Amino acid sequence: MTLNGARAGERYLVLKVRGRGALRRRLLDMGILKDTVLTVTGAVPLGGPLELSLRSYVLTLRREDAALVEVRPLPGTGPGRRGWDRLLLHPVLALPILALSLLSMFWFSIHVVGGWTAGAGDALLVQGWEVGGHRVPGLAVLLEWRLQGCPVWFRAFLLDGVLAGVGTVLGFLPQLAALFLCLSFLEGCGYLTRGACLLDRLLRPFGLSGHCAASYVLACGCAVPGVLSCRTIPQESCRRLTILTASFLPCGAKLPLIALVGELAFPGCWWLAPGAYLLGLAAVLFTAWLLHGTPLFPREEVPFLLELPPLRLPTLENLWAGTGERLMEFLKKAGSLLVLASAAVWAAASFGFGPDGFAYLGPEGLEYSFLAALGRGLWPLFALGGWGDWRSVVAALSGLLAKESVVGTLAILGTPAALGHPAAALSFLLFNLFCPPCAAACGAMRQELGSGRAFVLALGYQTLFALLLSAGVYQGGALLGRLLA
């Protein structure tokens, strides 16, 4: 008999491993050798992989791959599932628990922590706060007082460029810390690996596998580690698809933008952030379905083998280390790319050729600035999205340096009134969710794809997909509004 017909709780002796090439090598590398004794401890729900216990560790193996392993039953029974695995891998409850866990993570990070800290950034920078009955002014007020006597352009650079751009994003730091804490907990307790096994059967028809699940969850924190973790995916085609689509899931740097769009057009709508993640997942599955089987992403036969670590509570030290590492990466980017982006946007918005020639223009001369000229030149490409004017275009372009810069740029230039319309705000959000990621993530994509041609094609697909989706949502919303009027 073959292993795919084995029953849970029974012991078997491996007689032979059939197949050839990468498929057979992978089975042998994971310890499924002739004369090995193994126990089938259970099966993942929805036709998912079998759970095999051998040599004191637990593996998962797809049923069709298990058909390559010839076995003979042995007398006696082996260990079954233990403890929490009976619940977390339950045939009926497993997927609802996984969905509830992920939704709870986003709800806690964005709604609970975000609600507690709402307005903290504005209080820190401008309004100030109360300490012992005394009013402490905001950082902007203190810095403006300290810079008295400095040139006007230099004061404007520090206050309206660096502080306004970076400070606005840092106001969302508590939400990011909460998200990174939840990700570190899921990873440290071993549940992330079980989620990968649960999702394998659902991802397979789209050309993906359970190996991709960890990369996608990591990409929710930051696209860079999500892309870099793709190197552990054994299937080349699946690995490339995951690299291409990992940035479609909103990372922590896109949370400020989601929050801003919520404030502008969907006040009080807690579902906007979970909806963004669901749209990202839909974009991932659509892209994988569309491209799987093409010359760049050919079909492959590689077994799904994944070791299940024991469930355990992560230590506070590990949680702190995982959260701190992710948060420091964000702060490093906020302290380098974001400062450069904010400074560059401010300079391009403050200088230009006015009626009297090249000069420092200040806020009053914004329409004559270099930035306005760039935005107007590119505006026709984005006009169908209904974004209002060139400021939205420039903000979206600044996101190519760092996605945090989109909110910072709008804080410097001012938010167009058109983004208060739900269809336009959603169009703007969708473009920034699905266009090419930040410079750091693009560098990781280029490194992992290993081909300049594949990298350019990936960026081209992301840009075209974002433009078409953005324009389609706005035009569809406008048409629906006219029909209902």
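**View 1. Helix H18 (residues 390-398) and helix H20 (residues 422-434) cross at roughly 20°, and their axes come within 10 Å.** That angle makes H18 roughly parallel to H20 (a term for angles under 35 degrees, whereas over 145 is roughly antiparallel, 65 to 115 roughly perpendicular and the rest oblique). This is a predicted model, in which local features need pLDDT of at least 70 and side-chain atom pairs count only at pLDDT 80 or more, while totals for chains, interfaces and linings use all residues. Residues are numbered from 1 along each chain as its sequence is written, and side-chain values use heavy atoms, with hydrogens and water left out. The contact (heavy atoms within 4.5 Å) is made by Ser392, Ala395 and Ala396 of H18 together with Phe428, Phe431 and Asn432 of H20.

**View 2. Helix H12 (residues 236-245) packs with helix H14 (residues 272-291) at an angle of about 140°, their axes lying 10 Å apart.** That makes H12 oblique to H14. Leu241, Leu244 and Thr245 of H12 make the contact with Val284, Thr287, Ala288 and Leu291 of H14.

**View 3. Strand S9 (residues 351-354) and strand S10 (residues 357-360) run antiparallel and are joined by 4 bridges.** Two strands are taken to pair if DSSP finds at least two bridges between them. Phe353 has Phe358 in S10 as its bridge partner, and the hairpin formed by S9 and S10 has 2 residues between the strands. Strands (E, at least two residues) and helices (H or I, at least four) are DSSP runs, numbered from the N terminus.

How values were computed
Axes fitted to C-alpha atoms, helices over the stretch in contact; angles between N-to-C directions.
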